[in-house]
Amino acid sequence: MNGPADEPNFEERATDHTEAVDHTEATGTTKSPRVEVYPGREVVVEFDPDLTFECVEDCTWCCHHGVLLYDRDLLELAQRANLADTTTQFRGEPFVTREEKPREEHVGPDGQACAFLREDGLCSLHLEEDWKPTRCSVFPLGVWLEDDGLHVDIRESAHEHCEGLNVSERRVIENLEAFLPELLWDLENPDSDRVL
């Protein structure tokens, strides 16, 4: 019989489909696990496999950034918001606008945050539309493409600013599908280091 009851859960898939990837071929000292996130869609995990993450109330650090919109995200956002009011172009790529917020909480040091971040620190797109752009799902992770495939790590700045790291039992490596939309494997350039 085939069906959900016969399919391994993600933790079993992560264990069954994890293999080490050697990043220092000369010395052979550094190994990173390769994990199948979706059938046929693997990622090289560069972070500590014991890392946990859970969004914490009132953090909103990830919402202080401009959010790069991939083509599919732009089409989805157009169905939910006025693109002229909520997006901007930077170096030829579309981003969700960062805007001045008339408050002291839930903003970056410059007083700005994502156009969709509400005063209560919640995202209007996620709450009211049950949707968020791909890059919002990826936070606090960073992704990039190398010759051996898609790589993922914790953003360097997240170690300093993200309050949700290592505060729960939710291991990131066992929940990669929650952070990495399948769209990432279809992109020519999924690199998350492009910022507004």
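Predicted model: local features only at pLDDT ≥ 70, side-chain atom pairs only at ≥ 80, totals over all residues.
1. Residues are numbered from 1 along each chain as its sequence is written, and side-chain values use heavy atoms, with hydrogens and water left out.

2. The overall make-up. You will find seven helices and ten strands in the protein; these are DSSP runs numbered from the N terminus, with helices (H or I) of at least four residues and strands (E) of at least two. Of the 196 residues, 44% count as buried, where buried means under 20% relative accessible area, exposed over 50%, and partly exposed in between (1.4 Å probe, protein chains only).

3. The largest nonpolar core. A nonpolar core is a set of buried Ala, Val, Leu, Ile, Met, Phe, Trp, Tyr and Cys residues joined through side-chain atoms within 4.5 Å. The largest one has 32 residues, and the members touching the most others are Val43, Phe47, Leu141, Leu176, Leu180 and Leu184. Two or more residues come from each of β2 (31-38), β3 (41-45), β9 (141-146), β10 (149-154) and α7 (176-179). There is also a second, separate core of 13 residues, with Ala81, Ala113, Ala115 and Leu125 among them.

4. A look at Leu184. Which residues does Leu184 contact, leaving aside neighbours within four places in sequence? They are Tyr70, Thr134, Val138, Val143, Leu150 and Pro190, where contact means heavy atoms within 4.5 Å.

5. His151 is worth a visit. This residue sits in strand β10, and His151 counts as buried because its relative accessibility is 0%. The His151 side chain makes a polar contact of 2.6 Å with the side chain of Glu46, and another of 2.6 Å with the side chain of Asp148. A polar contact is a pair of N or O atoms within 3.5 Å; within protein, one must be able to donate a hydrogen and the other to accept it, and residues adjacent in sequence count only if both atoms are side-chain atoms.

6. Strands around β6. Strands pair if DSSP finds at least two bridges between them. Strand β4 (residues 67-68) pairs with β6 (residues 93-96) in the antiparallel sense over two bridges, and β5 (residues 87-90) runs antiparallel to β6 with four bridges. Phe95 in β6 stands opposite Leu68 and also opposite Thr88. In the β5 and β6 hairpin, two residues lie between the strands, and Arg91 takes a positive phi near 55 degrees.
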